[in-house]
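Here is a short briefing on one protein model. Look at the sequence and the 3D view, then work through the points below.

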Amino acid sequence: MRSLIFNIAFWTLSAVFAIICYIAAWLPGRRPLMTMIIAYGKATRLCMHWIGGIPVEVRGQPPVGEPVIIAAKHQAYADGPLMVALAGDLNFVIGNGIEKFPLVDRIVKCAGATMVDAQGHTRAQGALQQAVKQIADDHRPLLIYPEGGMAAVGVTRRYRKGVYLLYAELERSVVPVATNLGLRWPEEEWEKHPGPAVIEFLDPIPPGLPREIFMQRLQNVVETRTRELEEEGQS
């Protein structure tokens, strides 16, 4: 019953904010839209805590306003809204699967998102490389999910090369992020499981590493810590 109530509340909340954000997306500048997106993230966190019984603990320091790349584990729909709630106004790389939600396509475009297809390739040839040029002068954090989509608890998907392209071309530090939110909100499942969840910001990886070393280091630190958080959440 609690999952039912939570899902009704969450998707109602999402629908209301989608309409508000869609309207804000037609206003001049990005500030009105990003203000509402951040408000949606904070409202999602409150809904999870007080209705879903899923309090979210944040460990480490969210890089608010810092020109870094946030490379995060993705286990639930709430990951994106929660990251915006924690890191504030940011750029983000997002899969085009989000387009299945009404109104969202214009919202993410107006928010400055870089859209990529489900296989991790850019929608148009060279789009990600072109985005790098635009991002270079933008000093907000940049969010990317290196696996290209959600992964179930205990599962590691292939880390895609897009994260290295951004890391190498922008010459920015990468902040890895681990989580165990999938224990409470399993991928796309309807049923939720009350209990604490953790989002942990890990030590930054400095710029300048060769591709193989960087990719191995990023995957190892995110997946190792995620497994530890999953074990902690199951104990």
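Met1, Leu4, Ile5, Ile8, Trp11, Leu46, Trp50, Ile51 and Trp190 make a nonpolar surface patch of about 1000 Å². The model is predicted: local features need pLDDT of at least 70, side-chain atom pairs count only at pLDDT 80 or more, and totals for chains, interfaces and linings use all residues. Residues are numbered from 1 along each chain as its sequence is written, and side-chain values use heavy atoms, with hydrogens and water left out.

**The nonpolar patch**

- Like charges are joined within 9 Å, and nonpolar side chains (Val, Leu, Ile, Met, Phe, Trp, Tyr) within 5 Å.
- Accessible areas come from the Shrake-Rupley method with a 1.4 Å probe; for residues, only the protein chains shown count as cover.
- Helix 1 and helix 2 (31-50) are the elements that give two or more residues to the patch. Helix 1 gives the most, with 4 residues.
- Helices (H or I, at least four residues) and strands (E, at least two) are DSSP runs, numbered from the N terminus.
- Isoleucine 51 lies in the loop between helix 2 and strand 1 (56-59). Isoleucine 51 is partly exposed, because its relative accessible area is 31%. The scale is this: buried means under 20% relative accessible area, exposed over 50%, and partly exposed in between (1.4 Å probe, protein chains only).

**The whole protein**

- The protein has 7 helices and 7 strands. Along the sequence they follow the pattern α-α-β-β-α-β-α-β-α-β-α-β-β-α.
- Of the 235 residues, 49% are buried.
- The protein exposes about 11400 Å², and carbon and sulfur atoms supply 58% of it.
- Contact means heavy atoms within 4.5 Å. Among contacts with a separation of 6 or more, 75% come from residues 24 or more positions apart.

**Aromatic pairs**

- Rings of Phe, Tyr and Trp (its six-membered ring) pair if their centres lie within 6.5 Å; planes under 30 degrees apart count as stacked, over 60 as edge-to-face and the rest as tilted.
- A search of the whole structure finds 10 aromatic pairs.
- Phenylalanine 6 and tryptophan 185 form an edge-to-face pair, 5.4 Å centre to centre with 90° between the planes. This pair links distant parts of the chain, 179 residues apart. Phenylalanine 6 is in helix 1 (residues 2-24), and tryptophan 185 is in the loop between strand 6 (174-179) and strand 7 (197-201).
- Phenylalanine 6 has 0% relative accessibility, so it counts as buried. Tryptophan 185 is buried too, with a relative accessible area of 2%.
- Tryptophan 11 and tyrosine 77 also pair edge-to-face, at 5.9 Å centre to centre and 80° between the planes. Tryptophan 11 is in helix 1, and tyrosine 77 is in the loop between strand 2 (69-72) and helix 3 (79-87), 66 residues apart.
- Tryptophan 11 counts as partly exposed at 33% relative accessibility. Tyrosine 77 counts as partly exposed at 24%.
- Ring pairs link Phe6, Phe10, Trp11, Tyr77 and Trp185 into a cluster.

**A charge over a ring**

- The charged end of arginine 106 sits over the ring of tryptophan 26, 3.4 Å from its centre. The test is NZ of Lys or CZ of Arg within 6 Å of the ring centre and within 35 degrees of the ring normal.

**Helix 3**

- Why is helix 3 largely enclosed by the rest of the structure? The reason is that 8 of its 9 residues are buried.
- The buried residues are Asp79, Pro81, Leu82, Met83, Val84, Ala85, Leu86 and Ala87. They pack against helix 2, strand 1, strand 2, strand 5 (142-144), strand 6 and strand 7.

**The loop between strand 6 and strand 7**

- Leucine 183 is in this loop. Leucine 183 is buried, with a relative accessible area of 13%. Leaving out residues up to four places away in sequence, leucine 183 touches Val153, His193, Leu229, Glu230, Gly233 and Gln234.
- Glutamate 187 is in this loop as well. Glutamate 187 is partly exposed, with a relative accessible area of 32%. The C-alpha atoms of glutamate 187 and alanine 152 are separated by 6.0 Å, though the residues are 35 apart along the chain.

Key:
Patch = residues over 30% accessible without salt bridge, like charges linked within 9 Å, V, L, I, M, F, W, Y side chains within 5 Å. Salt bridge = Lys/Arg side-chain N within 4 Å of Asp/Glu carboxyl O.
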